[in-house]
Amino acid sequence: MFKTLPGFREFYPEDSAKKNYIFDKWRNTALAFGFSEFDPPVLEQLELFTEKSGEEIKSQLFEFVDKGGRGVSLRPEMTPSLARMVGARANGIRRPVKWFAIGENYRYERQQKGRLRAFFQYNADILGEESANADAEVIALLIESLRAFGLTENEFKLRLGDRTLWVLFLETAGVTEPYIIPVLSVIDKLEKVPPETLAALMGDAVKGSGLDSAALIEKVRSFIGVKSLDSMREAFARQELGAEISEKISQRLSDWEQLLGLLDALGISAFISPDMGIVRGLAYYTGFVFEAFQTVGTGRALAGGGRYDTLVKKLGYPDMPAVGFGMGDVTVSDLLELVGKGGAVSNAPDAYVVIGSDAVRPAALKIISDMRRFGLRIDYPLKASSFGKQFKQADAVGAKFALIVGEDELQKNSVKIKNLSSGEEKEMPIAEIQNFLK
Ligand code: HAM
């Protein structure tokens, strides 16, 4: 006997129905926002991820050498593949590019609730537009994609951070290239690891820079708790700063004002909390970054994303600004289950055809084929059995109607139709059934 591998799920039909319910909501919301669906490969050249996704993901890759001796990996995320696909057409493509995808990703993660090794992810990204209008649009899509399940601001929130502002803040603390990215990745872990580990990580991140890592941790702690535009202003107002950096900071604070204004105009302010504690673990983010969290139950992340303006160029293509998010199916379906908003999912047929005798089976098959071609969902027994058994089966598969094909009715070109919940039964000409069931 074999078991599934740790972190991999198998979907029985009732699970698939729930999964499809989620995918349908995601897909319909993305289409409503004018996004087009794309589909990148599941297996990619290893370097696409080792060079572009950052340290944390590197340790989680499902990587191997294929029979042709190539280093390859299952995709842990879709963003590098998207950047390549859009980059390859950057010269002729109509901008803005608004694309979404739904597919399975693979990460060799430590087992924990809400984190699997194979999970589905819905991605939506806008490329080719650098203004905050694009950030606002993807944030609105993220929020509407969760609202589509009937979720409200009492059940989830989006925490909005900013790498650009962090970089400016770090500059005021004397942190410059090449230490910025390593320090940001320590900041990302600040709320998740014990103090000793943090000290060691920060020590490593600034090794060789001459910076005092303990003082830096203190300084960073003062900014990580910033949760409003006003406290951002105050955090910088407390410092003596040069003209050049002051100008950059005030420009960035006005970008914040603009983005928050757009989110307000889009009617989603109630879902948004500015929060400098959001830095994001992936290496390629450059500007606003965000994560949506459930505010009931475990408080886990439902989705994450942000701006990544340099990734397309780093892959060797023309410069192309980009912003987007990824949303996982695991935490979303757990949340829907928790709050009872999983939706009515059903594989039930519209009608179950009860076949009176072997003699009428060919005529029944013709009726069945016609109805299916018409777009109805029809089931019927594959072997001869009693009326009683057939009706039992019709109930078991959840059919709304039973259609009884018998010799006497066939003579009159009609069948009997029975409403399985009310028990009401009537005879109807075959030509009328399709419209009746529709
Ligand atoms: P991420 O934060 O790594 O971002 O993943 C986004 C979401 O995918 C998470 O919030 C979570 O819901 C889900 N997720 C990630 N890992 C797992 C896992 N092991 N098991 C279950 N769910 C998981 C990205 O992947 C970025 N590429 C998103 C993005 C798109 N940024 C810009 N565009």
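Pro178 sits in the loop between α6 and α7 (180-189), where helices (H or I, at least four residues) and strands (E, at least two) are DSSP runs, numbered from the N terminus. The peptide bond that joins Glu177 to Pro178 is cis, with omega at about 5 degrees. This is a predicted model, so to speak of local features takes a pLDDT of at least 70 and side-chain atom pairs count only at pLDDT 80 or more, while totals for chains, interfaces and linings use all residues. Residues are numbered from 1 along each chain as its sequence is written, and side-chain values use heavy atoms, with hydrogens and water left out.

Another cis peptide bond links Arg95 and Pro96, this one with omega at about 0 degrees. Pro96 belongs to the loop between α4 (79-88) and β5.

Now for the sheets. Strands of a sheet pair through backbone hydrogen bonds, either parallel or antiparallel. Here, two strands are taken to pair if DSSP finds at least two bridges between them. Eight strands make up an open sheet with mixed pairing, in the order β1-β5-β6-β11-β10-β9-β7-β8. Its edges are β1 (36-37) and β8 (272-274), each of which pairs on one side only. Within this sheet, β10 (residues 301-307) and β11 (residues 322-328) are antiparallel partners held over five bridges, and Arg307 faces Val323 in β11. Helix α6 (residues 163-172) packs on the sheet and touches β7 and β9, its direction making about 40 degrees with that of β7. Contact here means heavy atoms within 4.5 Å; axes are lines fitted to C-alpha atoms, for helices over the stretch in contact, and angles run from 0 to 180 degrees between N-to-C directions. Helix α5 (residues 132-147) lies across β5 (97-106), β6 (118-127), β7 (156-162), β8, β9 (288-294), β10 and β11, and runs at about 15 degrees to β11.

An open sheet of three strands is also present, antiparallel and ordered β2-β4-β3. Since β2 (43-45) and β3 (63-65) stand at the edges with a single partner strand each, one side of each is left without a neighbour in the sheet. On average, neighbouring strands of this sheet are turned by 35 degrees against each other, direction ignored. β3 and β4 (residues 71-74) run antiparallel and are joined by three bridges, with Phe64 opposite Val72 in β4.

As for the ligand, 27 residues surround it, the closest being Glu77, Thr79, Glu109, Asp125 and Tyr285; a residue is near a molecule if one of its heavy atoms lies within 4 Å of it. β10 gives the most to this shell, with five residues, and β6, β10, β11 and α13 (329-339) each supply at least two. Polar contacts, meaning pairs of N or O atoms within 3.5 Å, include a ligand nitrogen 2.8 Å from an N or O atom in the side chain of Glu109. A ligand nitrogen is also 2.8 Å from a polar backbone atom of Leu116, and a backbone N or O atom of Ala303 lies 3.4 Å from a ligand oxygen. The protein covers 96% of the 660 Å² of accessible area that the ligand has on its own, by the Shrake-Rupley method with a 1.4 Å probe.

Notes:
A polar contact is a pair of N or O atoms within 3.5 Å; within protein, one must be able to donate a hydrogen and the other to accept it, and residues adjacent in sequence count only if both atoms are side-chain atoms.
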